[in-house]
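Work through the exercises below on ring contacts. Each task is followed by its solution.

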Amino acid sequence: MGRSRNVSCMAVVAHIIIFCCSASVSHCRSVVEPADAAPDNASTLRVNTSGGRKIPETLFGIFFEEINHAGAGGLWAELVSNRGFEAGSIEPWAVIGDSSSVAISTDDTSCFERNKIALKVDVLCDGCPGGVGVYNPGFWGMNIEQGNKYKLIFYVRSSSPANVTASLTDASGRTTLATVTILSGAANWTRQEIWLQAGGTSDSARLQLTANTKATLWFDQVSLMPQHTFKGHGFRNDLAEMLVALKPAFLRFPGGCYVEGGVLKNAFMWKNTVGPSEERPGHFGDVWNYWTDDGFGYLEFLQLAEDLGAAPIWVFNSGVSLNESVDPEHIQPYVQDALDGLEFANGPASSKWGSLRAKMGHPAPFDIRCVAIGNEDCTLPHYQENYPTFYNAIKKAYPAVKVISNCDGSASPLPHPADFYDYHTYAPAADFFKHAHLFDQAPRLGPKAFVSEYAVTGSDANNGSLLAALGEAAFLIGIENNSDLVELASYAPLFTNVNDRRWNPDAIPFNSSHSYGTPSYYMQQFFIQSNGATLLNSTLETTAPNLIASAITWNDSKSEFLRVKVVNFDNNAVNLTIVLEGTNSSVQWQVTAKTEMTSANVMDENSLDNPSMIVPVKNVIQKPPGQDDLQIIISPHSITSSDFKRIAEEEDNSPFFHADFYN
C-alpha cells in the first residue's frame with residue numbers, strides 16, 4: 001500500500017463517512033487538514049477561476065513500441081513463441097523424447113509462400129511411452145487458468161496415419177491441464193482448430209504436440225490464444241485495461257527504433273503485417289534483438305487505438321534505418337508505401353488497400369489524422385533530402401492529414417514544412433524538474449510540438465522510482481503551461497516483460513500472469529482530466545525552491561470541476577494555502593478530495609511482489625469551519641491533487657463530499 005504522511009484528523013472527522021474509491025487508488029479516507037499542524041514552510045497558490053486557456057483535447061496519450069517483448073509475449077495475447085519456426089532456430093521449441101525415439105529438423109516445405117519453414121518430427125518408435133514430439137513454453141511460461149478455453153490452431157501433414165496429441169501441461173510436462181487427440185493421415189497440409197479447456201492452473205505452462213506411432217510429421221503456424229481477449233480483438237485483458245485507465249487521447253505506434261531497424265530489411269514494414277496472420281512472414285527486430293511473428297500488425301495497432309478511443313498516430317519508415325539510408329533517386333517506393341498505408345487505414349472499402357482492410361473484418365475507415373515521417377531520423381543521411389517528397393505526396397493525397405517532422409523546432413525554425421515537430425527527452429530527475437520550463441521560450445509561430453518520448457532514466461529511475469515520477473510530473477505541469485505550443489505528449493517505453501528488460505524504466509512491467517504500474521504510470525493518472533480542460537491562470541507564492549503547481553477546470557454532463565496539482569520535489573513538507581479568486585458570487589467551489597502519491601523513500605519502487613507500494617491515495621476532505629481558503633500539507637517528495645466541485649447557491653452546500661464527483 002502507498003504510504004501517506006497525513007496529519008491526524010480533528011474530532012469532526014469522526015462524523016464523516018468514508019467513501020470507497022476506484023480500483024486505481026489504494027485506499028480512501030476522510031480528513032480535515034488542520035492549519036495548526038502545518039510546517040513552517042508556508043506557500044500560497046492563487047488561482048483565477050475566471051477565464052483561462054483551453055488545453056488541446058489531444059495533449060496526453062500513449063506510445064507503444066515493440067520493445068521488451070511489449071507486444072510479442074505481452075499485450076498481444078498469442079501464447080506460442082516462434083509460431084511459424086521462422087526465427088532462425090526452433091527455439092524456444094524443445095524436444096520431448098531422446099535421440100532413439102524422435103528426431104527434429106526444419107525444412108522449407110510449408111504451404112505458406114512468405115514463410116516456407118516447417119518443423120519436421122520423425123517419430124522413431126511405436127507405442128512410445130507418453131508420446132514424443134515437441135513443446136513450446138511460450139514467452140517465459142504460458143498463463144493457463146482453470147476453466148478457461150484456449151483456441152489452438154496449427155497446420156499438419158504426415159507420411160502415414162498417426163494420432164497427434166495436443167496438451168497443455170505444467171512447466172515439467174508431468175501435470176496435464178488440457179488435452180485432445182486428433183488423427184493425422186493426410187500427405188497434404190491440413191488446418192486443425194481445437195478448443196482446449198483447462199482443468200487446472202499454471203502461470204508457467206507449456207503446449208505439447210506429441211505422437212506415439214512411427215511416422216514423419218510436419219507442423220507449421222502453431223497458434224494458441226485465450227478465448228477471452230480485450231474486446232475480442234486479441235489483446236491481453238489485464239494489460240489493455242491498464243491502458244484504458246490512462247484514458248489516452250492518442251496512440252503512437254509502432255515505434256521508436258522498431259520502425260527503423262538496424263538495417264532496412266529488419267524494419268517494420270506494414271504490408272508484411274496485414275492479411276491472415278499465418279501468411280505474415282514475421283521479421284527480426286534487430287534493434288531490440290528478438291523475432292516477432294507480426295500477429296500484432298498494422299491493422300491490430302489501428303484496432304487497439306479504436307478500442308481505446310484514442311486517435312491513431314502512425315510512424316512509418318522513411319527509407320532510413322540506423323545504418324542505411326535510401327538516396328532520393330530510389331525513395332519513391334517508400335513514399336508509395338506510406339500512401340498505400342494511409343489508404344489501408346483511411347480509404348473506402350472499394351479502394352485497393354481499403355478492400356484488404358474490409359476483408360480483414362473492418363469495413364469502416366480508421367481515420368488516421370496524423371503521421372510521422374520516420375523516427376529520430378533528422379540527422380541521418382538523406383532524411384532532410386527525402387522529407388519534402390514524403391510531405392508533398394501526403395498533403396496532395398490526404399490534405400487533412402497532419403505531418404510530423406523528426407527535426408527539432410524548439411530552438412530554431414525547421415528546414416521544411418510540418419504540422420508538428422517531434423521532441424524526445426530522457427534525463428535525470430532533477431533535469432526533468434527544470435524541464436518544466438523547457439518550452440517557455442520556444443517559438444510560437446510555425447509547427448506545434450509533439451513530445452512523443454519522455455522519461456527519467458538512469459540511476460534516478462532504476463526500474464521505476466518515485467523520484468522519476470516526481471521529475472516527470474513537474475515536466476508535465478510545464479507541458480500543461482505550454483500547451484499552446486505542445487499539443488501531444490507521451491511517456492516511453494510503455495511496457496516491459498520482466499524477463500526481457502531491454503530498457504529501464506517502463507510504465508507497466510509484467511510477466512505471464514501479473515502486471516503492475518510504476519510510479520510513472522500512476523503519475524500519468526493525475527493528468528487524465530487535462531485533455532480538453534481549461535488551464536487556469538495561477539500564481540505560486542513560495543520560498544520553497546522545488547515546488548510547482550497548476551490548476552485546471554473541466555466539465556462533465558452534470559457539473560464543473562477544478563483540480564490543483566502540486567509537485568514537491570524537495571525533502572521538506574510545505575503548508576500550502578489554495579486561494580480561489582474571481583468566482584462569480586452566485587456560485588462557489590466546494591473542496592471534495594485530496595489525492596497524494598508519495599513514499600517513505602524517494603527511491604522506492606513497485607514490483608510484482610508489492611505492486612501497490614506507491615499508488616495515489618485519495619482522501620475526502622473539508623475545510624474547517626470559518627476557513628475561507630483551503631490549507632493542505634504537501635508532503636515531502638510528493639505529487640498531490642486537490643479537487644473541487646462548483647455548485648450554485650441553491651444547491652445543497654453540505655460540507656461532505658458529493659458522491660457524483662466520483663462517478
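**Exercise 1.** In this predicted model, find the ring over which the charged end of Arg 157 sits, then do likewise for Arg 206.

Solution. The charged end of Arg 157 lies over the ring of Trp 218, at 3.8 Å from the ring centre. For Arg 206, the ring is that of Tyr 135, and the distance to its centre is 3.6 Å.

**Exercise 2.** State how many aromatic pairs the model has, and classify the pair of Trp 288 and Trp 503.

Solution. The count is 35 aromatic pairs. For Trp 288 and Trp 503, the ring centres are 6.5 Å apart and the planes stand at 85°. Planes over 60 degrees apart count as edge-to-face, so this pair is edge-to-face.

Trp 288 is in the loop between strand 16 (283–285) and strand 17 (290–292). Trp 503 is in the loop between strand 24 (495–497) and strand 25 (508–510). The pair therefore ties together parts that are 215 residues apart in sequence.

Last, assign the accessibility. Buried means under 20% relative accessible area; Trp 288 has 15% and is therefore buried. Trp 503, at 28%, counts as partly exposed.

**Exercise 3.** Classify the pair of Phe 296 and Phe 301, and decide whether each residue is buried or exposed.

Solution. The ring centres of Phe 296 and Phe 301 are 4.3 Å apart, with the planes at 25°. Planes under 30 degrees apart count as stacked, so this pair is stacked. Phe 296 has a relative accessibility of 7% and counts as buried. Phe 301, at 1%, also counts as buried.

Key. Residues numbered from 1 in each chain as written. Predicted model: local features only at pLDDT ≥ 70, side-chain atom pairs only at ≥ 80, totals over all residues. Heavy atoms only, no water. Phe/Tyr/Trp six-rings, centres within 6.5 Å; stacked < 30°, edge-to-face > 60°. Helix = DSSP H or I, 4+ residues; strand = E, 2+ residues; numbered from the N terminus. Buried < 20%, exposed > 50% of the residue type's maximum accessible area, 1.4 Å probe, protein only. Lys NZ or Arg CZ within 6 Å of the ring centre and 35° of its normal.
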